[in-house]
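Work through the exercises below with the sequence and the structure at hand. Try each task before reading its solution.

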Amino acid sequence: MLASRALLVGRLLARGAAATKVNPTGLRNQIVRHGHDWSYRVNGPKPEMLARVGAQVAGGFMWWWILWHLFHEYEHITGEFDYPDPSAWTNAELGIPTEGLDE
C-alpha cells in the first residue's frame, strides 16, 4: 500500500513539474481531457435531428411490422391447429355417466 501511495505522489509531482514548464507558444501546459460531455444531474446533450428522426422512423416501422403480422398471421399466437368439434366427443370422453344406472 505504501508503494502505491508513493507512486501516486510521484505522478502528482511529475504533473506539477510538467505544468510549470513553458511551451514554445509561451502558454503553460495544461492537462486536457478529451472525453465526452459532462452531464452530472443535468440533461445530456440533445441528439442530432437525424438521430431523432431515424429513431422515430425505426420505431414506427417496428410497430407497423408487429401489428401487421399480428393481424395477418395470428396463427403464430393462437396456433395452427383446427379447433376440435365438441359435438363429436362421446359421453365417456367428457366424463358423463351413462343414463341406464338406477339407484
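Helices are DSSP runs of H or I with at least four residues, numbered from the N terminus. The model used here is a predicted one.

**Exercise 1.** State which helix gives the most to the nonpolar patch.

Solution. Begin with the elements: the chain has 4 helices and 0 strands, in the order α-α-α-α from the N terminus. Next, list the patch: F61, M62, W63, W64, W65, I66, L67, W68, L70 and I77 make a nonpolar surface area of about 1,100 Å². Then compare with the helix limits: helix α2 covers residues 49-72 and gives the most, with 9 residues.

**Exercise 2.** Decide whether W64 is buried, partly exposed or exposed.

Solution. First locate the residue: W64 is found in helix α2. Buried means under 20% relative accessible area and exposed means over 50%. The relative accessible area of W64 is 44%, so W64 is partly exposed. For the whole chain of 103 residues, 0% count as buried. The chain exposes about 10,700 Å², of which carbon and sulfur atoms supply 63%.

**Exercise 3.** Find which residues form the aromatic cluster.

Solution. Rings pair if their centres lie within 6.5 Å. Applying this rule gives 4 aromatic pairs. One cluster is formed by F61, W64, W65 and W68.

**Exercise 4.** Name the elements with the lowest and the highest mean pLDDT.

Solution. Start with the chain: its mean pLDDT is 80, and 75% of its residues reach 70 or more. Turning to the elements, helix α1 (residues 2-20) has the lowest mean, 76, while α2 has the highest, 96.

Methods. Residues are numbered from 1 along each chain as its sequence is written. This is a predicted model: local features need pLDDT of at least 70, side-chain atom pairs count only at pLDDT 80 or more; totals for chains, interfaces and linings use all residues. Side-chain values use heavy atoms; hydrogens and water are left out. Helices (H or I, at least four residues) and strands (E, at least two) are DSSP runs, numbered from the N terminus. Buried means under 20% relative accessible area, exposed over 50%, partly exposed in between (1.4 Å probe, protein chains only). Accessible areas come from the Shrake-Rupley method with a 1.4 Å probe; for residues, only the protein chains shown count as cover. Patches are made of residues with over 30% relative accessible area and no salt bridge: like charges are joined within 9 Å, nonpolar side chains (Val, Leu, Ile, Met, Phe, Trp, Tyr) within 5 Å. A salt bridge is a side-chain nitrogen of Lys or Arg within 4 Å of a carboxyl oxygen of Asp or Glu. Rings of Phe, Tyr and Trp (its six-membered ring) pair if their centres lie within 6.5 Å; planes under 30 degrees apart count as stacked, over 60 as edge-to-face and the rest as tilted. pLDDT is the predictor's confidence in each residue, from 0 to 100.
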